[in-house]
Each structure stands twice: as C-alpha cells, then as structure tokens.
Amino acid sequence: MNQLPIHYAELESIYSQTIDCGVRSLAITACNSGEGTTTLACALAKRAQAGGRKTLLVDMNFCHPSIGGELGLTAGSWNNLDNLLEDQITQVADSDDSAAYLPKSMSPLAVLPAPSTPTGNLLLREKEYLARCMQFWLQEYEVVIVDTSPLNAINRHNLPAERICSQCEGTVLTV
C-alpha cells in the first residue's frame, strides 16, 4: 500500500467535504480492486486523528485485506461477534512524520483489522448487526472510517460493499 501524506490538497478536499462537515461514519469503496481505497481510508483516518478526532479505522475489505498487514497487526478470528468486535480493536501509534507535530496527549489511531477467516460469519451480512456495530463504534469514536471490498468483487468471502455503505453516513467511491 502506498502512503498518502495527510497534508496533500486532494486529501484535504475529501476530508473537508466529509469528516470536517460532520460526517462521522464514512465508507471508502471502489468498483475494482487496486483503485486506492485502502490508501485513501488510511490517509483519511490519519488526517482525522491528526485533527484531534478519536478515530476508528475498520478493514472490511475481505477481498484483499491490507490495513492490518501494513500496520503490523495480527488478524483475529472475529468469531466472538456478541461484543460487536470490541476485543479485536487495536490502538496503533502513528508512524507518520506528522506525529512529531501532534500533542503528546493525542490518542493513537484505533484499528479493527480484517478477520483471518471471514467466511462463516453470516451475522456480518445482517444489516441490523452492522447497524448495531456502527452505533456502538460511534459511541466510542468521533469518526469511523471503513475500507470495503470493491463493488464488483462478489464472492462468498466478501461482505457486500453496498451493505456496508448503507450503514455509513457517507461514502467515497474511488476511481
């Protein structure tokens, strides 16, 4: 995954039209794999965190999960879904150079990496369950950014991107 610096004007434009306007839950998706959703999701999460917002980055791109690997996190099983995945969320320190400019008291970015085995969790496909997850996460975090699978990636491993997008206040489609 390529890193996108949080001070880029293009990123600031997306941020100012979404999160800075009050969008608290944002899905990032694309039509096809390789169009930059993970790069954008990570950059937006770091930008929100740098702006002082308590931020959760969720990797629901089961087609090609990469957020956990990029951040050196071990993927969990997501088998215990009763606690709305709370025990799978990891706090990570910001390794970006911009961390030097942030107040020492600023909390690290929270990340929920994709599960190691996404199949078999039919509960994840229920819109009511996803709605409960989002409601729970928004009680704990000011901003929730979700990296989804591509819209055209339809197979048994993926959560439909449109299902995830429907549970967020906003969606960014990368092309």
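This is a predicted model: local features need pLDDT of at least 70, side-chain atom pairs count only at pLDDT 80 or more; totals for chains, interfaces and linings use all residues.
Residues are numbered from 1 along each chain as its sequence is written. Local features need pLDDT of at least 70, side-chain atom pairs count only at pLDDT 80 or more, totals for chains, interfaces and linings use all residues, and side-chain values use heavy atoms, leaving out hydrogens and water.

Let's start with strand β6, residues 170-174 (strands are DSSP E runs of at least two residues, numbered from the N terminus). Gly170, Val172 and Thr174 point to one face and are buried (under 20% relative accessible area with a 1.4 Å probe, protein chains only). Strand β1 (residues 25-30) runs parallel to β6, joined by five bridges; pairing takes at least two DSSP bridges. Ala30 stands opposite Thr174.

Now the largest pocket, with a volume of about 210 Å³. Of its 15 lining residues, Gly34, Glu35, Gly36, Thr37 and Thr38 are the closest to the centre. A pocket here is an open set of points on a 1 Å grid where a 1.4 Å probe fits, with protein on both sides within 12 Å along at least five of seven lines; lining residues have an atom within 4 Å of a point. The volume is the space filled by probe spheres set on those points. Helix α2 (residues 37-50) gives the most to the lining, three residues.

Finally, two charges sit over rings (NZ of Lys or CZ of Arg within 6 Å of the ring centre and within 35 degrees of the ring normal):

| Charged residue | Ring | Distance to ring centre |
|---|---|---|
| Arg47 | Tyr15 | 4.0 Å |
| Lys54 | Tyr141 | 5.2 Å |

Note on methods
Buried means under 20% relative accessible area, exposed over 50%, partly exposed in between (1.4 Å probe, protein chains only). Helices (H or I, at least four residues) and strands (E, at least two) are DSSP runs, numbered from the N terminus.
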